[in-house]
Amino acid sequence: MSSKKIVVLISGSGSNLQALMDKLHKQQINNQHVEIVAVISNKADAYGLERAREANIPAILVASKGVASRDQYDALLAAELEQLQPDLILLAGFMRILTSGFVNQYQGKMLNIHPSLLPKYPGVNTHQRAIDAGDEAHGATVHFVTPELDSGPTVLQAKVPVFAEDTAQDLADRVLTQEHQIYALAASWFVGDRLKMQGQFAYLDGKQLEQFGYAAD
Ligand code: GRF
């Protein structure tokens with residue numbers, strides 16, 4: 001049996017990280033032994049670092065505070081990753097924009113979860129923006145990371161309803177529950193050698209995924 005190494009990048013609470021640890025760490029997926037080999041945070045007080053320690057996974061701080069430029073920060077991050085040699089990098093609430101040089105180095109090996117139905121609402125405050133627009137549906141997207149923010153090929157989306165009385169927090173909670181499901185599923189496809197990025201498209205089991213990612217019949 002061969003093995004697959006995952007590194008998860010976080011900035012905060014790490015509830016997605018928790019779901020990934022619960023569902024993937026030390027599991028056998030498609031004849032691969034999967035390990036989350038490290039969790040890296042740019043913030044010292046990210047609760048996700050605590051979650052990693054509790055699971056006996058190395059918790060690494062690569063602090064962004066005091067680092068002068070994006071290039072410098074990304075060089076520090078790349079140096080850590082060079083040691084770890086991950087097969088897959090998962091951005092899970094990692095609240096930093098990465099330079100295109102960094103992204104290009106790991107393109108096809110890096111996934112992100114974004115709390116909207118991309119291409120709607122890249123960037124921040126997605127839940128309030130969906131409410132303000134009067135949307136009836138909102139959700140989350142797992143996508144490959146490419147240099148342009150929140151815009152790489154979509155792998156999988158989950159939709160939730162928006163109710164008239166929803167606050168942004170209500171909606172965030174509803175979306176987050178779905179994030180935990182779809183992120184672990186998409187990551188399991190990747191480490192199980194079923195999901196790939198080629199050119200500007202994502203492929204699952206050799207079949208090109210459409211604009212909104214995998215859609216069950
Ligand atoms: C999630 O909504 C994720 O989509 C967004 O930031 C939030 C992180 O939550 N990028 P958590 O740290 O995983 O709890």
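This briefing walks through the domains, cores, ligand site and a few individual residues of the structure above. The model is predicted, so local features need pLDDT of at least 70 and side-chain atom pairs count only at pLDDT 80 or more, while totals for chains, interfaces and linings use all residues. Residues are numbered from 1 along each chain as its sequence is written, and side-chain values use heavy atoms, with hydrogens and water left out.

**Domains**

- The chain splits into domain 1 (1-106) and domain 2 (113-142 + 150-217), with bounds that come from an automatic or database domain assignment.
- Between the C-alpha centres of domain 1 and domain 2 the distance is 20 Å.
- Domain 1 brings 18 residues to the contact and domain 2 brings 15 residues, where contact means heavy atoms within 4.5 Å.

**Nonpolar cores**

- A nonpolar core here is a set of buried Ala, Val, Leu, Ile, Met, Phe, Trp, Tyr and Cys residues joined through side-chain atoms within 4.5 Å.
- Buried means under 20% relative accessible area, exposed means over 50%, and partly exposed is in between (1.4 Å probe, protein chains only).
- The largest nonpolar core has 44 residues, and Ile6, Val8, Leu20, Leu90, Leu111, Val155 and Leu195 touch the most other members.
- Helix H6 (residues 168-191) gives the most to this core, with 10 residues; helices (H or I, at least four residues) and strands (E, at least two) are DSSP runs, numbered from the N terminus.
- Domain 1 (1-106) and domain 2 (113-142 + 150-217) each supply at least three residues to this core.
- Another core, of 21 residues, lies apart from it and includes Val7, Ala38, Ile60 and Leu98.
- Leaving out residues up to four places away in sequence, Leu90 touches Ile6, Val7, Val8, Leu9, Leu20, Leu111, Tyr183 and Ala187.

**Ligand site**

- Around the ligand you will find Ser13, Gly14, Ser15, Asn16, Gly93, Ile113, Pro115, Leu176 and Glu179; a residue is counted here if one of its heavy atoms lies within 4 Å of the molecule.
- Polar contacts are pairs of N or O atoms within 3.5 Å; within protein, one must be able to donate a hydrogen and the other to accept it, and residues adjacent in sequence count only if both atoms are side-chain atoms.
- Glu179 has a polar side-chain atom 2.7 Å from an oxygen atom of the ligand.
- For Asn16, a polar backbone atom is 2.8 Å from an oxygen atom of the ligand.
- Ser13 places a polar side-chain atom 3.4 Å from an oxygen atom of the ligand.
- The protein buries 82% of the 370 Å² that the ligand exposes when taken alone; accessible areas come from the Shrake-Rupley method with a 1.4 Å probe, and for residues only the protein chains shown count as cover.

**Backbone features to check**

- Most residues other than glycine have a negative phi, and most peptide bonds are trans.
- The peptide bond from Leu118 to Pro119 is cis, with omega near 10 degrees, and Pro119 sits in the loop between strand E6 (110-114) and H5.
- Tyr121 is not a glycine, yet has a positive phi of about 55 degrees.
- Tyr121 also lies in the loop between E6 and H5, and is buried, with a relative accessible area of 14%.
- Asn56 has a positive phi near 60 degrees, and lies in the loop between helix H2 (47-54) and strand E4 (59-61).
- Asn56 is exposed, at 70% relative accessibility.

- His127 belongs to helix H5 (residues 126-132) and is buried because its relative accessible area is 14%.
- Not counting residues up to four places away in sequence, His127 touches Pro115, His138, Ala168, Leu171, Ala172 and Val175.
- Phe144 is part of strand E7 (residues 137-144) and is buried, at 0% relative accessibility.
- Beyond four places away in sequence, the residues that Phe144 touches include Met110, Leu111, Val155, Phe190, Leu195 and Lys196.
- Phe144 and Gln200 are 56 residues apart in sequence, and 9.5 Å apart from C-alpha to C-alpha.
- Lys196 lies in strand E9 (residues 195-198) and is partly exposed, with a relative accessible area of 39%.
- Setting aside residues up to four places away in sequence, Lys196 touches Phe144, Phe201, Ala202 and Tyr203.
- Lys196 and Asp166 are 30 residues apart in sequence, and 37 Å apart from C-alpha to C-alpha.
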